[in-house]
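Subject: Structure handover

Dear colleague,

Here is the structure you are taking over. Please open it alongside this email and follow the residues as they come up.

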Amino acid sequence: PEEVDLSNPQEPKITATSETPNISFEKMSKSKYNGVDPASCIEKYGADATRAHILFQAPVSEVLEWDEDRIVGIQRWFNRVWRVVTSNRSARPKSPTEIETALPEPSALSEEEADLLLLTEQTISSVSESLTSTFTLNT
């Protein structure tokens, strides 16, 4: 990177020769010295965001094309999840029995509540399948 002039990002130039560089993507490899140092990503974005980026960027069966710019999206997602969790602290049940008593009988649900319950069950099923069968953590 330090050998490339990016003053015009649309037309990068090799600093020493002013030639246009060849742009190609290859698999990361220690022998090619083109790997990403996880410690620098962890320091910059945090361990959770870096791990989630690695897991969510591509299915396990495919090659991950590293794009550090996308870690920021993972950070925003974590922040949204955190805001939802912390903003609803007072609404959380304190014990399993409180959960059981808080749930209404299925016959007492409105159509909208029943649809929401069905969607919740479908989401749980989809997430369970992604985590246990297909290993598609990015869905």
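Below is what was found in it, from the overall chain down to single pairs of side chains.

This is a predicted model, in which local features need pLDDT of at least 70, side-chain atom pairs count only at pLDDT 80 or more, and totals for chains, interfaces and linings use all residues. Residues are numbered from 1 along each chain as its sequence is written, and side-chain values use heavy atoms, with hydrogens and water left out.

Overall chain

The protein chain has five helices and two strands. Helices (H or I, at least four residues) and strands (E, at least two) are DSSP runs, numbered from the N terminus. Read from the N terminus, the order of elements is β-β-α-α-α-α-α. Of the 139 residues, 9% count as buried. Here buried means under 20% relative accessible area, exposed means over 50%, and partly exposed is in between (1.4 Å probe, protein chains only). The chain exposes about 11,800 Å², and carbon and sulfur atoms supply 56% of that area. Accessible areas come from the Shrake-Rupley method with a 1.4 Å probe, and for residues only the protein chains shown count as cover. Among contacts with a separation of 6 or more, 32% are between residues 24 or more positions apart; a contact means heavy atoms within 4.5 Å.

Nonpolar core

The largest nonpolar core has six residues: Cys 41, Tyr 45, Ala 49, Ala 52, Ile 71 and Ile 74. Helices H1, H2 and H3 are the elements that give two or more residues to this core. A core of this kind is a set of buried Ala, Val, Leu, Ile, Met, Phe, Trp, Tyr and Cys residues joined through side-chain atoms within 4.5 Å. Leaving aside residues up to four places away in sequence, Ala 49 touches Ile 71, Ile 74, Gln 75 and Phe 78.

Aromatic residues

The whole structure holds two aromatic pairs. Rings of Phe, Tyr and Trp (its six-membered ring) pair if their centres lie within 6.5 Å; planes under 30 degrees apart count as stacked, over 60 as edge-to-face and the rest as tilted. The rings of Phe 56 and Trp 77 have centres 5.8 Å apart and planes at 80°, so this pair is edge-to-face. It links distant parts of the chain, with Phe 56 in helix H2 and Trp 77 in helix H3, 21 residues apart. Trp 77 also forms a tilted pair with Phe 78, at 5.3 Å centre to centre and 45° between the planes.

Val 85 lies in helix H3 (residues 71-87) and is partly exposed, with a relative accessible area of 38%.

Salt bridges

A salt bridge is a side-chain nitrogen of Lys or Arg within 4 Å of a carboxyl oxygen of Asp or Glu. By this rule there are three salt bridges.

- Glu 68 and Lys 44 have their closest N and O atoms 3.8 Å apart. Glu 68 lies in the loop between helix H2 (47-57) and H3 and Lys 44 in helix H1, so the pair ties together parts that are 24 residues apart in sequence. Glu 68 is partly exposed at 26%, whereas Lys 44 is exposed at 57%.
- Asp 48 and Arg 51 meet at 3.2 Å, N to O. They are three residues apart in helix H2, so about one helical turn separates them.
- Asp 67 and Arg 70 meet at 3.4 Å, N to O. Asp 67 is partly exposed at 27%, and Arg 70 is partly exposed at 49%.

One further position

Pro 38 is in helix H1 (residues 38-45) and is partly exposed at 48% relative accessibility.

Regards
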